[in-house]
Amino acid sequence: MILRSLPKLSIIFSSTNNSRFLVNATQRFISSFSTTPASRVKFGVTARVPIRCMSTSPISSQTTAEDQVQRVKLLTSTDDNYGGVIVELDQLMDSTTFVSILKASILHWKQLGKKGVWIKLPIHLVSLAEALVKEGFWYHHAEPKYLMLVYWIPESPNTIPANATHRVGIGSFVMNEKHEVLVVRENSGLFQGTGVWKFPTGVVDQGEDICIAAVREVKEETGVDSEFMEVLAFRQSHNSFFEKSDLFFLCMLRPLSSEIQVQRLEIEGAQWMPFVEYTAQPFIQKSDLLKYINDICLAKIDGRYSGYTPVSTLSNFSEHKFYLYLNAGELKKSNS
């Protein structure tokens, strides 16, 4: 999407008798930027922005270079890794003042050759969202405490990446030494009122690893402590949650306790059920996906299937450790 270019700041006079008024008007124009409003606006750096004067006669000798090029306040910004800038607003300001500073800032960024502009608008500054949209910004994504808006400066195809396209879910296959599988019956969601017994499932939280989420969800729904073993398989689906795609990971966990304490908010019941009884449920038998999952679990029980175990590792781009999921057994064989 190619957005319109912002007009350059200009003051236009056609009368040859208004040179003194031109000087005063220019000074008043500049002072509107440099005066801090009562709402304690926080600005960033200052930059030299040209103020062009167009007239049918030469400008009065009282107009100096200082009048034609003045320093104006700009929004605080940091550079991103792709030639753009990021602005995190924090203090209240009125829309008129904000738009004036925003236009000057965009002009400055354009002169620097910047591309995308990201503005993080906290929830207490939501009143500025309308002003940003009117200046050509659009919504990129929202979180509980902020709204992110973006703008594309160059007259070239927009390369700003789309918002996150997927959410991540997990299902936990937990089996004890008696070949009993831990199952739950939900009192909300798609399985509400169906009477179906299913594996504990849930959504991975922001900043949470898949292996941690699987253990957490089992504990929250059933009270059973467990140890993560492997990712057995994963499935991708689309348009599953507000037009977003979904990645679902089937995980195998080893139980560390057996006593069940049901979380009543979402779970109607939980129990240890013989695996053959679980797979015999009519709903399970009619689902191609669940039948594949059953076959995987049976193959794992019989020692005929290997999943992916988490290995803690580091990246060249971050100091934080993350997990790489791999078939450790096969990798060991190939290296021996």
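Visitor: Which residue lies over the face of Phe241?

Guide: Look for a charged group above a ring. In this predicted model, Arg167 takes that place, 4.3 Å from the ring centre of Phe241.

Visitor: Where does the charged end of Lys198 sit?

Guide: Over the ring of Phe191, with 5.6 Å to the ring centre.

Visitor: How many aromatic pairs does the structure hold?

Guide: Ten. Take Phe173 and Phe199. Their ring centres are 5.6 Å apart and their planes meet at 35°, so this pair is tilted. Phe173 belongs to strand E10 (residues 166-174), while Phe199 is in the loop between strand E11 (180-186) and strand E12 (201-203), so the pair ties together parts 26 residues apart in sequence.

Visitor: What is the volume of the largest pocket?

Guide: Rolling a probe the size of a water molecule over the atoms shows where empty space is left. Here the largest pocket has about 870 Å³. Its lining has 32 residues, and those closest to the centre are Phe191, Lys198, Thr201, Arg235 and Phe248. E10 gives the largest share of that lining, four residues. By type, the lining has 14 nonpolar, nine polar and nine charged residues.

Visitor: Which residues are closest to the centre of the second largest pocket?

Guide: Glu143, Asn163, Ala164, His166 and Arg167, out of 16 lining residues. The volume of this second largest pocket is about 430 Å³. Strand E8 (138-143) and E10 each supply at least two lining residues.

Definitions and conventions
Residues numbered from 1 in each chain as written. Predicted model: local features only at pLDDT ≥ 70, side-chain atom pairs only at ≥ 80, totals over all residues. Heavy atoms only, no water. Phe/Tyr/Trp six-rings, centres within 6.5 Å; stacked < 30°, edge-to-face > 60°. Lys NZ or Arg CZ within 6 Å of the ring centre and 35° of its normal. 1 Å grid on protein atoms, 1.4 Å probe; cavity = no way out; pocket = protein on both sides within 12 Å on 5 of 7 lines; lining within 4 Å. Points joined across faces, edges and corners; volume = space filled by probe spheres on them. Nonpolar A, V, L, I, M, F, W, Y, C, P; charged D, E, K, R; others polar.
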